[in-house]
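Here is a short briefing to read beside the model. Have the viewer open and follow along topic by topic.

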Amino acid sequence: MSVLWKAKSKEKLVDPCDLEKKVKEIKSSGKTLATLNGSFDLLHAGHLQILFEASQQADVLLVALNSDSSIQTYKDVRRPIVPLEYRIEMMCALEFVDYVTWFDETTPLKLLEMIKPDVHINGAEYGKDCLEANVVKEGGGKLHIVDVVPGLSTTKLIEKIKKICD
């Protein structure tokens, strides 16, 4: 059963080397493309909300995950808690996510410049002036901002776990 799970969870995975080809395929079929990026370490209900809302913004949702080394660079050397391999599996298991890829840079700017999504989704904590805004707009896309679920964040979950362990 584990072998079947591994194979099934890879069906939506797009290697970064094949991403440009996949994006051309999606766009040439006339479908609109939404992107959402993040670490999605300790997947929680707030993540599910933004992912679902992102899936409603276009025909196809492509989620780009920060690699482990990317997260270690911009967050903390002790992160991620959940390695990329398993974050990919969880993301691919979600019905409303069409494709999943990853990137090694600390920001998704290079990736978004290549993809030129029709819409890029971001959380309200980053706002309409987020670092992705200019690249998305220059590529002809728009931003869609999703409200944050109050009290839900990976950082808050980690703090709660630490209190339980003390």
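Is Ile71 buried or exposed? Ile71 counts as buried, at 0% relative accessibility, where buried means under 20% relative accessible area, exposed over 50%, and partly exposed in between (1.4 Å probe, protein chains only). This is a predicted model, in which local features need pLDDT of at least 70 and side-chain atom pairs count only at pLDDT 80 or more, while totals for chains, interfaces and linings use all residues. Residues are numbered from 1 along each chain as its sequence is written, and side-chain values use heavy atoms, with hydrogens and water left out.

**Where Ile71 sits**

- Ile71 belongs to helix H4 (residues 68-74); helices (H or I, at least four residues) and strands (E, at least two) are DSSP runs, numbered from the N terminus.
- Between the C-alpha atoms of Ile71 and Val146 there are 22 Å, and the two residues are 75 residues apart along the chain.

**Strands E4 and E5**

- Val146 also turns up in strand E5, as the bridge partner of Gly123.
- Five bridges pair strand E4 (residues 119-123) with strand E5 (residues 142-146) in the parallel sense; two strands pair if DSSP finds at least two bridges between them.
- Together with helix H7 (residues 133-138), E4 and E5 make a right-handed β-α-β unit. A crossover is called right-handed if, with the strands pointing away from the viewer, the path from the first strand over the helix to the second runs clockwise.

**Salt bridges**

- The model has eight salt bridges, each a side-chain nitrogen of Lys or Arg within 4 Å of a carboxyl oxygen of Asp or Glu.
- One of them joins Glu89 to Lys6, with the closest N and O atoms 2.6 Å apart. Glu89 lies in helix H5 (residues 84-93) and Lys6 in helix H1 (residues 2-9), so this pair ties together parts that are 83 residues apart in sequence.
- Glu89 is buried at 6% relative accessibility, whereas Lys6 is partly exposed at 28%.
- Glu25 and Lys22 form another salt bridge, their closest N and O atoms being 3.0 Å apart. The two are three residues apart in helix H2 (residues 19-28), so about one helical turn separates them.
- Within this pair, Glu25 is partly exposed with a relative accessible area of 43%, and Lys22 is buried with 18%.
- Lys8 bridges to Glu11, with the closest N and O atoms 3.2 Å apart; Glu11 is exposed, at 53% relative accessibility.

**Pockets**

- Rolling a probe the size of a water molecule over the atoms shows where empty space is left.
- The search uses a 1 Å grid over the protein atoms alone, and a pocket is an open set of points where a 1.4 Å probe fits, with protein on both sides within 12 Å along at least five of seven lines; lining residues have an atom within 4 Å of a point.
- The largest pocket holds about 760 Å³ of space; grid points are joined across faces, edges and corners, and a volume is the space filled by probe spheres set on the points.
- Its lining takes in 33 residues, and Asn37, Gly38, His47, Glu125 and Tyr126 lie nearest the centre of the largest pocket.
- Strand E1 (33-38), helix H3 (45-55), E4 and helix H8 (154-165) are the elements that give two or more residues to that lining. H3 gives the most, with four residues.
- The lining of the largest pocket divides into twelve nonpolar, 15 polar and six charged residues. Ala, Val, Leu, Ile, Met, Phe, Trp, Tyr, Cys and Pro count as nonpolar, Asp, Glu, Lys and Arg as charged, and the others, Gly among them, as polar.
- The second largest pocket holds about 230 Å³, and the residues that line it include Lys75, Arg78, Ile81, Thr155 and Lys162.

**Loops around E1**

- Phe40 lies in the loop between E1 and H3 and has a positive phi of about 50° although it is not a glycine. Phe40 is buried, at 6% relative accessibility.
- Leu42 is in the loop between E1 and H3, with a positive phi of about 60° although it is not a glycine.
- Thr32 is in the loop between H2 and E1 and is partly exposed, at 30%.
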